[in-house]
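Dear colleague,

Please find the structure below, together with its sequence. My notes on what was found in it follow.

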Amino acid sequence: GHRSHRSHRLPSAGAMASPKWNVLMAEGFELLEQLKRSFLELPEDCQMRKPAQLRNGLCVDSWLGLLEHVLQQGAPEVVPSGARFALDIYGLESTLDMEGEAVQVHCIATEPTFFGNYAPPDDLDGQIIDLVATRCPSSARMQLKPQGLSFARDLARHAEVRAWQQKVGDSCTVNSLGLVPEDIANLNFTPGVEVNLALPGGGEVRKSPPQKVVLSDHLPIAFTVQWEDGEKQHHQLFCTSMNMLAQRYLDFNFWNACPHDDLEGLWRMASRLRATADRKTKWLPQEYSNLGRTPGLSDEDLAVASDSPLINWERVNRWLWRWIARVQREASKAQVAGNAMAPDAVRQGVFAQLLMSLEDSERPDLLLLQEFGLEELGPDDLQHLQECLATQRPMLRPLLESYELVNLSPKLEVRRAWKCSFSDTGLLLAKKSLLDKYQFSPLNCAAKGQGCELQQIYTENSGKPIVGAQLQDLQGRPLANLFGVHMEKSKTEEVLKGLFRFAASIADVPTLVVGDFNAVLRAPSQSVCWGYLGTATA
C-alpha cells in the first residue's frame, strides 16, 4: 500500500487564457496521470517506492509522495535560509597553487556583475562573478588597475534591475532586458548616450540620454593591465570583458522565475514536474538518484521493447521530457517575441552604438566577450570571419571598422561529435590602432576542440567557448597570452589551471584569463571600482 495521490493545487486547463497553453496544460495533466499509473506498477523492491528523507528534514513515503509535495508546495529549500549559493562549490581563493607557482585571481568590480534567479545552492544573483586571473614567470609581474568605462553609465546596475523587477512584479530574465523607466534608473548628473537602432524586421530601439538599459544578465568589467617583457619594455592594455547573454540561453532562463501572466499555471506544473524528474536536481534524495530510469536504450529500441514495468516507466519519462522541451520552446518563443530587445543582434547593436559613441581614447584596446550569439554563422564562414560578421550583423559594422576580430570560438557540443554551435561564441577583438605596434596569433582554432591540446580543458568546461590569442611584437616575439572564457559551474579552478599550463607550454610569458568565472572570491584582497559611472581612473 501506497496512499492515493490525487489532489494538485494547479489550475485547470480551462483557466489558461491562450489556446496553445490550454493544449499543453491538458497534455500535462494526462501525462501526470500516466506517470502515477506507471509508478504504481513498479516492483515493490524498487528504490523509487521506498521512503526517503530530504536534507531539509522532509520525509516522504516514496518518489510519488515527493512529487505530490513538490506539485503542491514547490521545490524544497536545501540550504539554510539566506544562503543562496554554496561557497564550497563556488568559492575561489585569490591565490591558487599550481605546481608551486602562484596564480592570482583578481576582483575588479565592487558592485554585483550578475543578476539571476537560479535555485539554491546555485543562485549567484548579486555576486561578482566576472573575474580576472593572471600568472607570470618569476622574472615578470602583471599589474591590474580598474579603469573607468564611460558607456557603462548607460547600463542599469544590479540594484536598479532588481528595483524594476520588484516594481513590475516580474523577475523573468527576458522581460528584464531593455530600457529601464527613468523613475527607477536615470543619469542624474552626466548625460548618457542617445541610441537609435533600426531593427532588421522594421521598427527601432530608441534610448534617450537620461535612460539606462539592460543588455544582459551581466555587467562589464574594465581594467588596465601593465607588465614588462623580458627586455624590460613596458606594455599596457585597456581591457573590457562582458558576458552578453546569448539568446539561446533565454530558453533555459524560462525555468528560473515564475511568469505572472497566462503562462503562470503551465510554468508551475512543468517546472515542478521537471525538477522532481531530473537526475541532476540537487535536492533529490540519494534513494531516488537514478529515478528508476533505463539508460543506454535508444528511442527506436524502446519503441519495440516488450512491455514491462521498467520499460513502461522509461517510456512515460521520455514522454515527460519531450513535453517539457515543448513547453520550454513554445513559452520562451512567446516571451522573446514580446520583447524587441531579446534578440542577440539587437542587444549587440546597442552595445556597439554605446561603445562607438565614445572618443577613441575612451574605448578599450581589447574586447573579450562571452555568450555572443551568432547563430547565422557556420564553419564555412571561419575563413572570412571579419567580412562574414559585418554581413550577418550590419549593426556591428561601425565597431568592426575600428576593431579587428582576433579570434572567435564557438561552443563545442562535446557529447555530440564536437559539433560547433555559433549561437554561443567567445570573441576577442583588438583595436586596429594596436596593430601598428603589435600582432596577434590565435592560441586555439575556432572550430577545433577534439584532438587538439585543449581537448581535456574543453571537456572539463562542457564545451563552453575558450577564445585565446598571443600578443606578439612585430617581429613575432611572444609578449603575453590572453584568454576570454565562460567557465562551467564548479569547474573554474580546474579550467584555470589547465589554461595556464597550456599557455606556459606555448610560451612562458605573462598570461591573463578573464571572463564569466561562475565563481566568487572567498575574500577579495582589495576593493576596487570598475567605474560603472565612469568616475574611476587608472
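**The E12–E13 hairpin and its neighbours**

In the hairpin formed by E12 and E13, five residues lie between the strands, and Lys232 there has a positive phi near 65°. Please note that this is a predicted model, in which local features need pLDDT of at least 70 and side-chain atom pairs count only at pLDDT 80 or more, while totals for chains, interfaces and linings use all residues. Residues are numbered from 1 along each chain as its sequence is written, and side-chain values use heavy atoms, with hydrogens and water left out. Helices (H or I, at least four residues) and strands (E, at least two) are DSSP runs numbered from the N terminus.

Strand E12 covers residues 221-228 and is mostly covered, with seven of its eight residues buried. Here, buried means under 20% relative accessible area, exposed means over 50%, and partly exposed lies in between (1.4 Å probe, protein chains only). E12 runs antiparallel to strand E13 (residues 234-243), and eight bridges join the two; strands count as paired if DSSP finds at least two bridges between them. Glu228 has His234 in E13 as its bridge partner. E12 is also antiparallel to strand E7 (residues 142-146), to which five bridges join it. In this pairing, Leu144 stands opposite Val225 of E12.

**Arg141**

Arg141 is found in the loop between strand E6 (130-135) and E7. Arg141 counts as exposed because its relative accessibility is 62%. Leaving aside residues up to four places away in sequence, Arg141 touches Cys136, Gln226, Trp227 and Glu228, where contact means heavy atoms within 4.5 Å. Arg141 and Pro510 are 369 residues apart in sequence, yet their C-alpha atoms are 7.4 Å apart in space.

Helix H7 has 13 residues and reaches 18 Å from its first C-alpha to its last, close to the 18 Å expected at 1.5 Å a residue; the expected span is 1.5 Å times one less than the number of residues. H7 is mostly covered, 10 of its 13 residues being buried, and among these are Trp267, Met269 and Arg272. The cover over the buried residues of H7 includes helix H1 (19-40), helix H2 (63-73) and helix H9 (309-337).

Asp278 sits in the loop between helix H7 (264-276) and helix H8 (299-304). Is Asp278 buried or exposed? Asp278 is buried because its relative accessible area is 15%. Its side chain reaches the backbone nitrogen of Lys280 at 3.0 Å. Beyond residues up to four places away in sequence, Asp278 touches Leu284, Leu291 and Trp321.

In helix H4 (residues 158-168), the buried residues are His158, Glu160, Val161, Arg162, Trp164 and Gln165. Their cover includes helix H5 (173-176), strand E8 (178-180) and strand E11 (212-214). Gly169, which follows H4, has a positive phi near 65°.

The structure holds three cavities of 30 Å³ or more. A cavity is a set of points, on a 1 Å grid over the protein atoms alone, where a 1.4 Å probe fits but cannot get out, and lining residues have an atom within 4 Å of a point. The largest cavity has a volume of about 80 Å³. Of the 16 residues that line the largest cavity, Ala156, Val214, Ser216, His218 and Leu219 are the closest to its centre. H4 and E11 are the elements that give two or more residues to this lining.

With kind regards

Methods:
A polar contact is a pair of N or O atoms within 3.5 Å; within protein, one must be able to donate a hydrogen and the other to accept it, and residues adjacent in sequence count only if both atoms are side-chain atoms. On a 1 Å grid over the protein atoms alone, a cavity is a set of points where a 1.4 Å probe fits but cannot get out, and a pocket is an open set with protein on both sides within 12 Å along at least five of seven lines; lining residues have an atom within 4 Å of a point. Grid points are joined across faces, edges and corners, and a volume is the space filled by probe spheres set on the points.
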